[in-house]
Amino acid sequence: MSTGWWVVALLGTVTVACKAAGPVALGGWRPPERAAAVLDLVFPVVLAALLVVAVFVDGRELRFDARVAGLLAAIAALAWKAPPLVVVVVAVATTAATRFVL
Amino acid sequence: MDNSDYANTAGARQAVLPVVAAALLFGVSFGVVATSAGLGLDAALAMSATSFGGAAQVAAVGVLASGGGAPSAVLTGSLLNLRYLPMGLAAAPSYRGSWWARGAQAQLLGDEAWALSRATDGRHDARTLLHTGALVYVAWLAGTALGVAALREVDLEAWGLDMVSPAIFVALLWGRLADSRHRRAAIASAAVCLLLVPFTPAGVPIAAATLVCLAGLAR
């Protein structure tokens, strides 16, 4: 088996297991209060982590570039109570325009 | 329904289209990088089908392409996909059917589908989770095939398309920030992530930040 296929097989196994673990073990489950309190925080925690890595990180460096302008534009749109599609379009357009200018 | 919470509303459904379009184009980029790392169409598609997670796949084949070796590639990709464990746990109550059906449906889990399916009461809407997940999955596989075949990278960044997912994340997070526990958890998670970035390999910051959820025990 080539190196590439080894990576495909091993990474695939890890990912399939991570995704399946919760639903296979706990499908239709009603979590007890303390577990529910922890799981309740997964949403803000994961979204905040994905967000800051997507906007402020380049490789292993922190970087402030056109993406920050896109984020600020998205926040401005949200403050104006814009629907999600508008927020996405505003963020994308602002980021692209800023990159074009810089 | 809280007006500021987008999940499960018609508004959230509108966001599916840009998510699917971005997945297709990001898939093309992955296909190109996979080819440069020596993966054929079969291996690239197999990876997209089983490791379904854009950042993890691009990082893993990126390590391979730069001569980093298979163990390093697997480790990097695994760290980046480790978040699906707590995300799967949070969405677990929404999956129905036999254990193998739940496990199979869970393979459609992706960041955007998971985020968009979240309802105000903290549950995940099973239909949004599966339908959006399936659309993104198909777009991701199609993009991968196009990227391997066409061998031409789409310049996602020139079009600002790398901001589609972050814009959705901030929109969904926005509705949660009125709750002080969610706000504190989000700020702590962002801080942990940014502090770790300069000192740890890709994937570690996000995986470590998910541990902030355990603060829920301290209430």
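User: Which residue of chain A does R118(B) meet in a salt bridge?

Analyst: This is a predicted model, where local features need pLDDT of at least 70, side-chain atom pairs count only at pLDDT 80 or more, and totals for chains, interfaces and linings use all residues. Residues are numbered from 1 along each chain as its sequence is written, chains are lettered from A in the order written, and side-chain values use heavy atoms, without hydrogens and water. A salt bridge puts a side-chain nitrogen of Lys or Arg within 4 Å of a carboxyl oxygen of Asp or Glu. Here the N to O distance is 3.1 Å, and the partner is D40(A).

User: How many salt bridges are there between chain B and chain A?

Analyst: The R118(B) pair joins the two chains by its side chains. The count between chain B and chain A is 3.

User: Which helix of chain B gives the most residues to the side that touches chain A?

Analyst: Helices are DSSP runs (H or I, at least four residues), numbered from the N terminus. The top contributor spans residues 164-174 and gives 10 residues. That helix is α10.

User: What area is buried between chain B and chain A?

Analyst: Buried area is the accessible area (1.4 Å probe) that two parts lose on being put together, summed over both. Carbon and sulfur atoms give 77% of it. The total is about 6800 Å².

User: Which residues of chain B lose the most area to chain A?

Analyst: Together they make up 9% of what that side buries. They are M163(B), W174(B) and C213(B).

Definitions and conventions: Helix = DSSP H or I, 4+ residues; strand = E, 2+ residues; numbered from the N terminus.
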